[in-house]
Amino acid sequence: MGKQNVRVAVVQAAPILFDKESAFQKIEKYSFEARQQGVKLLVFPEVFLSGYPRGLTLGTRVGSRTSEGREDWHRHWESSIEIPGEDTDRLGEIAKENELYLVVGVVEKDQEFSGSTLYNSIVYIGPDGQVLGKHRKLMPTGAERLLWGQGDGSTLTVIDTPFGRIGGLICWENYMPLARTAMYAKGIDILITPTADARATWQATLQHIACEGRCYVLSSNQFVTKSTYPTDLAGYLDIEEDPDILCRGGSAIVGPLGEYVEQPLYDQEGIIYADLDMSLIAKSRYDFDVVGHYNRPDIFQLVVNEMKKDIVIFKS
């Protein structure tokens with residue numbers, strides 16, 4: 001494929017929940033550390049900016065929501081960001097200062113219609129400080145559907161870089177075979193999988209995807225303890241009886257034949273580094289290319305609708 005080797009890194013950390021400044025401080029800290037290690041691509045976890053509200057009910061039962069739960073959700077909304085906006089400008093400054101591609105899981109606020117709907121998104125920032133694209137999670141999982149809207153096919157983003165094509169699917173989107181196929185068909189070399197899943201079965205998923213797509217997989221999860229939750233949350237009692245470690249992590253880097261380049265990191269905050277030999281991608285596809293010579297378009301075809309889904313269209 002003629003592409004150079006590249007040093008990458010994956011961050012495993014969590015901000016103070018619903019605290020945007022806390023998230024930015026950690027993004028700045030780890031971006032600086034990554035630059036010192038020669039990193040060109042740095043990945044942060046699912047909704048790192050500004051935190052995954054694991055364990056909170058937000059006052060919801062089937063058929064009712066409490067006013068206290070609405071207060072906690074409003075804090076979630078207030079700590080969200082617009083893409084583009086002042087917060088992505090700040091991310092751009094960090095990326096430019098540290099000369100790296102910065103990939104961050106964020107809670108994105110709709111800025112096209114009501115300004116109220118939130119999305120679980122990935123934002124891609126280039127080393128020149130510019131927003132290169134975003135991806136909105138297609139299907140929030142379980143109770144996440146009360147927090148976030150559904151993305152559409154217009155943000156199945158893949159970005160060309162000097163070292164290969166990068167793009168991402170968020171957490172359980174990676175269990176959607178057709179979503180994966182769409183990314184493979186876009187020529188993905190490095191698939192980024194921000195997640196909130198710390199179970200052992202997630203590791204099997206990462207290895208399968210890497211082997212299936214013959215691509216590198218970079219998975220970033222948060223390491224979360226109860227100390228990251230503000231005690232003045234209306235729903236703090238929701239986690240009071242939970243263990244101190246709410247999410248043990250499991251961030252990892254997997255190579256294009258399904259082997260670990262860097263083993264999963266558990267039970268601690270940290271950053272993992274890897275030097276990726278991009279020539280291994282072409283070598284691995286010698287005997288299996290899921291959208292190439294191992295494909296059977298005479299039998300199977302996938303149609304991907306990448307049209308933006310506007311619910312209101314104004315005509316003059």
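**Strands, a threonine and a surface patch**

Reader: New here. Which residue of strand 6 stands opposite Val106?

Author: Ser121 in strand 6 stands opposite Val106. Keep in mind that this is a predicted model.

Reader: Noted. Which strand does strand 6 pair with there, and in what sense?

Author: Strand 5 (residues 101-109) pairs with strand 6 in the antiparallel sense, over eight bridges.

Reader: And which residue of strand 7 is opposite Ser121?

Author: Arg136 is the one in strand 7. Strand 7 covers residues 131-136 and runs antiparallel to strand 6, joined by five bridges.

Reader: Why is strand 6 called largely enclosed?

Author: Eight of the eight residues of strand 6 (residues 118-125) are buried, so the rest of the structure largely encloses it.

Reader: Which residues are on which face?

Author: Leu118, Asn120, Ile122 and Tyr124 are on one side. Tyr119, Ser121, Val123 and Ile125 are on the other. Both faces are covered. In a regular strand the side chains alternate between the two faces of the sheet.

Reader: Switching to strand 14. How many of its residues are buried?

Author: Six of its six residues, 249-254, are buried. Gly249, Ser251 and Ile253 take one side, and Gly250, Ala252 and Val254 the other.

Reader: Which strands pair with strand 14?

Author: Strand 11 (residues 216-219) runs antiparallel to it, with three bridges. Ser219 has Ala252 as its bridge partner. Strand 15 (residues 260-266) is also antiparallel to strand 14, over four bridges. There, Ser251 stands opposite Leu265.

Reader: What's in the turn between strands 14 and 15?

Author: Five residues separate the two strands of this hairpin. Gly258 in the turn has a positive phi of about 90 degrees.

Reader: New topic: Thr225. Buried or exposed?

Author: Buried, because its relative accessibility is 13%, and the cut-off for buried is under 20%. Thr225 is found in strand 12 (residues 224-225).

Reader: What does Thr225 touch?

Author: Beyond its neighbours within four places in sequence, Thr225 is in contact with Asp244, Ile245 and Leu246. Its side chain also makes a polar contact with the side chain of Ser227, at 2.6 Å.

Reader: Last one. Which residues form the nonpolar patch on the surface?

Author: Phe113, Ile311, Val312 and Phe314, with about 480 Å² of accessible area together. Ile311 lies in the segment after helix 6 (279-284). At 75% relative accessibility, Ile311 counts as exposed.

Key
Residues numbered from 1 in each chain as written. Predicted model: local features only at pLDDT ≥ 70, side-chain atom pairs only at ≥ 80, totals over all residues. Heavy atoms only, no water. Patch = residues over 30% accessible without salt bridge, like charges linked within 9 Å, V, L, I, M, F, W, Y side chains within 5 Å. Areas by Shrake-Rupley, 256 points an atom, 1.4 Å probe, with all protein chains shown as cover. Salt bridge = Lys/Arg side-chain N within 4 Å of Asp/Glu carboxyl O. Buried < 20%, exposed > 50% of the residue type's maximum accessible area, 1.4 Å probe, protein only. Contact = heavy atoms within 4.5 Å. Polar contact = N/O pair within 3.5 Å; in protein donor to acceptor, adjacent residues only side chain to side chain. Pairing = 2+ DSSP bridges.
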